[in-house]
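Subject: Handing over a structure, with notes

Hello,

I am passing a structure on to you, and below it you will find my notes. Please read them slowly with the model open beside you.

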Amino acid sequence: GCLARADFHGEEAMVGAGMGLATLVRHATAQDLGGIEPLVGIPATLGGAIATNAGAPDGWIGDYLSAAYFLYQDGSFGEYKPPATGLTERRLDIPPDVVIVGGRLRFHRKMAKEIQREVKQRIKQKNLAQPLALALAHVELGAPVLAKLQVRSRAHEGGVGVVGVEPQRLSRLCDRVLPLAEAELAPRVGQ
């Protein structure tokens, strides 16, 4: 629907709150527009990214946001514009209890091949950290949660797995990480 699309105008885009960040990066790349590559791998929609101030050490949603649009509880429309001088903190002053419906983002011209190369490098770096994240999830949430992830990934062969990991890869990763996590980390659970 209209909340899951982006309309590009030069180096800006009006983006619905329901568009996933990965989809937004793909659409921008197709237009030779870059700059938001630090958001690659964050499993969020634009609305979720704005609401949670999502980002990475080298860039967060506020760095690219020209305006955020939202609805108040009474149905009236609101707009938040970050200060032109830049934000001193990673915090957007959006009123509480509103529904974010979209935003206007800034991009810059960049060749698609260059964007794709950077995206691949970022995904590779994030994938290197994921086995540790799965092991930590085991400690925090217990083996049944990871077992559910493993079963879910196998049930959805060919789809996208957890945090952008292909289901087959997640299954193989769970098969390797679960025994290690149980042997090394399980005695620490409940301490």
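Which residues are linked in a network of salt bridges? They are Glu-37, Asp-58, Lys-110, Glu-118 and Arg-122, where a salt bridge is a side-chain nitrogen of Lys or Arg within 4 Å of a carboxyl oxygen of Asp or Glu.

Before going further, please keep in mind that this is a predicted model, in which local features need pLDDT of at least 70 and side-chain atom pairs count only at pLDDT 80 or more, while totals for chains, interfaces and linings use all residues. Residues are numbered from 1 along each chain as its sequence is written, and side-chain values use heavy atoms, with hydrogens and water left out.

The overall picture

The protein has five helices and nine strands, which are DSSP runs numbered from the N terminus (helices are H or I with at least four residues, strands are E with at least two). Along the sequence, these elements follow the pattern β-β-α-β-α-β-β-β-β-β-β-α-α-α. Of the 191 residues in the protein, 40% are buried, and here buried means under 20% relative accessible area, exposed means over 50%, and partly exposed lies in between (1.4 Å probe, protein chains only). If you look at contacts (heavy atoms within 4.5 Å) between residues at least 6 apart in sequence, 62% of them join residues at least 24 apart. The accessible surface comes to about 11100 Å², and 56% of it belongs to carbon and sulfur atoms; such areas come from the Shrake-Rupley method with a 1.4 Å probe, and for residues only the protein chains shown count as cover.

The salt bridges

The structure holds six salt bridges. Side chains of opposite charge can pair when their charged atoms come close. Because Arg-122 and Glu-118 are four residues apart in helix α3, they are separated by about one helical turn. Glu-118 is partly exposed, with a relative accessible area of 25%, whereas Lys-110 is buried at 14% and Arg-122 is buried at 15%. Another salt bridge joins Arg-5 to Asp-7, with the closest N and O atoms 2.9 Å apart; Arg-5 is partly exposed, with a relative accessible area of 44%, and Asp-7 is partly exposed as well, at 30%.

The nonpolar core

A nonpolar core is a set of buried Ala, Val, Leu, Ile, Met, Phe, Trp, Tyr and Cys residues joined through side-chain atoms within 4.5 Å. The largest one has 34 residues, of which Leu-24, Ile-50, Ile-61, Ile-94, Leu-105 and Phe-107 touch the most other members. Several elements each supply at least two residues of this core, among them β1 (6-9), β2 (12-16), α2 (46-52) and α3 (112-141), but the largest share, four residues, comes from α1. Leaving aside residues up to four places away in sequence, Ile-94 touches Ile-50, Ala-68, Phe-70, Tyr-80 and Ile-100.

Not counting residues up to four places away in sequence, Val-15 touches several residues, including Arg-5, Leu-24, Leu-46 and Leu-105.

Helix α1 and the surface

The buried residues of α1 are Leu-21, Leu-24, Val-25, Ala-28 and Thr-29. They cover an arc of only 135 degrees around the axis, so they lie on the same side of α1; the arc is that of the directions from the helix axis to the C-beta atoms. On the face of α1 turned away from its buried side you will find the exposed residues Arg-26 and Ala-30. After α1 comes Asp-32, whose phi is positive, near 60 degrees.

Finally, Leu-71, Phe-77 and Val-99 make a nonpolar surface patch of about 290 Å². Patches are made of residues with over 30% relative accessible area and no salt bridge, with like charges joined within 9 Å and nonpolar side chains (Val, Leu, Ile, Met, Phe, Trp, Tyr) within 5 Å. Phe-77 lies in strand β7 (residues 77-80) and is exposed, with a relative accessible area of 56%.

Best wishes
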